[in-house]
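Colleague: Could you take a close look at one helix for me and walk me through what it packs against and what holds it there? Take your time over it.

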Amino acid sequence: MKNSTVDFNTSEASFESSGVQISVYIINVLFGLPTHSFIIWLIITGTGSPIPSDFFNLNLSVCEIGICLNSVFAIFFYLRFSSLKGLRYFLSGLGITCRPLFQCLICVERYLAVVHPVTFLKYKPLRYRVICSFAAWITSLGSCSCCMFSIISLKYVWFVEFYSIQFLIFLSIQLFCCLAVLRALKQSGPGERGREREEENHMKRRAFHLILITTGNLPALYLYRTRKLCFLCTP
């Protein structure tokens with residue numbers, strides 16, 4: 001009788017946890033999918049900002065759509081479509097590697113524009129962004145494969161090490177960019193006058209705020225992914 005009560009309580013708690021997860025996935029799909037689809041449409045068809053300057057943002061939105069699709073597969077998985085297990089674990093790598101990787105590329109781009117403008121202008125053509133994005137997608141697909149292999153084969157130690165190393169690398173890059181732009185913001189360039197100085201400081205502040213938000217977002221995303229993946233890996 002006692003064992004039956006324990007099993008009932010366990011199953012009830014599991015059902016409640018699944019219900020919360022499904023609700024989060026539904027919200028992610030309902031808000032994330034149309035939002036990022038609209039962003040992609042604006043970048044491709046908009047005339048106010050050329051595609052090269054927003055190319056990493058375009059790739060990030062494509063990645064976010066992939067994460068939304070992963071949420072759809074996760075909902076079906078919770079509804080007992082176990083055949084989607086491998087695909088769900090594979091797409092989990094998008095949130096672990098692909099999203100923070102493109103966020104890092106955006107931060108580095110803003111860092112170069114503020115701190116090393118000559119270098120930024122040298123690598124401003126679209127082909128360099130295409131090369132970086134191609135390398136990022138190849139790395140992300142490799143990460144997706146590692147996530148799927150590690151979780152399915154129950155190699156959780158490998159997964160945690162892989163996960164932690166990525167987090168430290170991405171966080172270090174973004175912190176470096178954030179501090180470098182903050183230092184540049186406090187310095188005035190030679191020969192700057194009133195309006196020119198104000199415009200340049202405005203550009204630096206925008207870059208600093210963007211990098212700061214992205215850097216603060218990274219630990220929150222990784223903590224959320226850690227909690228969700230711990231729940232996902234719990235039998």
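Predicted model: local features only at pLDDT ≥ 70, side-chain atom pairs only at ≥ 80, totals over all residues.

Modeller: Start with what is covered: in α5, Arg-129, Ser-133, Ala-136, Ser-140, Ser-143, Cys-144, Cys-147, Ser-150 and Ile-151 are buried. As background, an α-helix has 3.6 residues a turn, so residues three or four places apart point the same way. Keep that in mind as you read along the list.

Next, the length. The 27 residues of α5 should span 39 Å at 1.5 Å a residue, and the C-alpha atoms at its ends are 39 Å apart, so the two values agree.

Now for the packing. Two packed helices are described by the angle between their axes and the distance between the axes. For α3 (residues 85–115) and α5 (residues 126–152), the axes come within 7 Å and cross at roughly 145 degrees. The crossing of α3 past α5 is right-handed. As for what lines that contact, its residues divide into 17 nonpolar, eight polar and two charged.

Then there's the charged side of the story, and here Arg-129 is the one to click on. Arg-129 makes a salt bridge with Glu-109, with the closest N and O atoms 2.6 Å apart. Since Arg-129 sits in α5 and Glu-109 in α3, the pair ties together parts that are 20 residues apart in sequence. Both Arg-129 and Glu-109 are buried; for Glu-109 the relative accessibility is 8%, which is why it counts as buried.

Glu-109 has another partner as well: its side chain meets that of Arg-110 in a salt bridge (2.8 Å, N to O). Arg-110 has a relative accessible area of 21%, so it is classed as partly exposed, buried being under 20%. Put together, Glu-109, Arg-110 and Arg-129 are linked in a network of salt bridges.

If you follow α3 on from there, you get to α2. The count of salt bridges comes to three, and one of them joins the side chains of Arg-99 and Glu-64 at 2.7 Å, N to O. Arg-99 lies in α3 and Glu-64 in α2, so this pair ties together parts that are 35 residues apart in sequence. Arg-99 and Glu-64 are both buried. α2 itself is mostly covered, with 17 of its 24 residues buried. Just after α2, have a look at Arg-80, which takes a positive phi of about 75 degrees.

Notes: Residues numbered from 1 in each chain as written. Heavy atoms only, no water. Axes fitted to C-alpha atoms, helices over the stretch in contact; angles between N-to-C directions. Helix = DSSP H or I, 4+ residues; strand = E, 2+ residues; numbered from the N terminus. Left-handed = near helix turned anticlockwise from the far one by under 90°. Nonpolar A, V, L, I, M, F, W, Y, C, P; charged D, E, K, R; others polar. Expected span 1.5 Å × (residues − 1). Buried < 20%, exposed > 50% of the residue type's maximum accessible area, 1.4 Å probe, protein only. Salt bridge = Lys/Arg side-chain N within 4 Å of Asp/Glu carboxyl O.
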